[in-house]
Amino acid sequence: ITSEDESGLKDLVKALGDASFTAEALSLMDKPEVPEDAAVVAIIGPQVSYLDAELEAVRKYLARGGRLFLALDPGQRHNLANLTKTLGVQFANNFVLTMTQIAGGGPATVLGRQFDPGSEVTRSISGQSSFAIFPLVSEVKAAEDKAADLQVTEIVKSDERSFTMTDLSQGIKSQPQTKSVSLGVTVKSVA
């Protein structure tokens, strides 16, 4: 979170600071325990696989009412798919692409265009001219076998000109079937 390069999170850390939050790095490898006072744990663009002890620490944190923000890049092996599945979310680990041309971006730069107006996360950005840019994104949605006490809500979706691919090296060989793709979800326990 302290990186100054373009892929760093300095803008997010600054925005959190402006909102009176303190962002700190958390290594669950050194001490597999989330601090009691953590308002949220964010796992953003992991580059290595998480160990079982680290995943267990996150599960314990969530079991005591903690909040988790995940931003996972497609094509990475991070060992988090089982965690998302226990949360009722299917992380497809595919690539969402678009037929919509975006200045300065290629087909993997997707616009989130549909926002859930009822979600506390997205209610302030819903509207015809609102969008969120996803330079690289995977489909996320409710897992088919999610627990009945978990409510998974799709809060951000692409436009209707999007499609998914699991292997970019294969290239696009024919006109893809396009659809609106879920890019972000929230999970809430309804027990």
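Residues are numbered from 1 along each chain as its sequence is written, and side-chain values rest on heavy atoms, with hydrogens and water left out. Since the model is predicted, local features need pLDDT of at least 70 and side-chain atom pairs count only at pLDDT 80 or more, whereas totals for chains, interfaces and linings use all residues.

Helices and strands are taken here as DSSP runs numbered from the N terminus (H or I with at least four residues for helices, E with at least two for strands), and two strands are said to pair if DSSP finds at least two bridges between them. On this basis, an open sheet of 4 strands is found in the order 6-5-8-10, with antiparallel pairing. Its edges are formed by strand 6 and by strand 10 (182-189), each of which pairs on one side only. Neighbouring strands of this sheet are turned against each other by 40° on average, with direction ignored, where the axes are lines fitted to C-alpha atoms (for helices over the stretch in contact) and angles run from 0 to 180 degrees between N-to-C directions. In general, the strands of a sheet pair through backbone hydrogen bonds, either parallel or antiparallel.

Strand 8 in turn pairs with strand 10 in the antiparallel sense over 7 bridges, with V185 of strand 10 as the bridge partner of E154.

The structure holds 5 salt bridges, each defined as a side-chain nitrogen of Lys or Arg within 4 Å of a carboxyl oxygen of Asp or Glu. For the residues concerned, buried means under 20% relative accessible area, exposed means over 50%, and partly exposed lies in between (1.4 Å probe, protein chains only). One of the salt bridges links K14 and D18, with 2.9 Å from N to O; these residues are 4 residues apart in helix 1, and therefore separated by about one helical turn. K14 is exposed at 52% relative accessible area, and D18 is likewise exposed at 57%.

A further salt bridge joins K85 to D145, with the closest N and O atoms 3.6 Å apart. Because K85 lies in helix 3 (residues 81-86) and D145 in the loop between strand 7 (140-142) and strand 8, this pair ties together parts that are 60 residues apart in sequence. K179 forms a salt bridge with E139, the closest N and O atoms being 3.9 Å apart. Here K179 lies in the loop between strand 9 (162-165) and strand 10, and E139 in the loop between strand 6 and strand 7, so the pair ties together parts 40 residues apart in sequence. K179 is partly exposed at 37%, whereas E139 is buried at 9%.

On the surface, L12, L16, F21, V40, I44 and F69 form a nonpolar patch with about 500 Å² of accessible area together. Patches consist of residues with over 30% relative accessible area and no salt bridge, like charges being joined within 9 Å and nonpolar side chains (Val, Leu, Ile, Met, Phe, Trp, Tyr) within 5 Å; accessible areas come from the Shrake-Rupley method with a 1.4 Å probe, and for residues only the protein chains shown count as cover.
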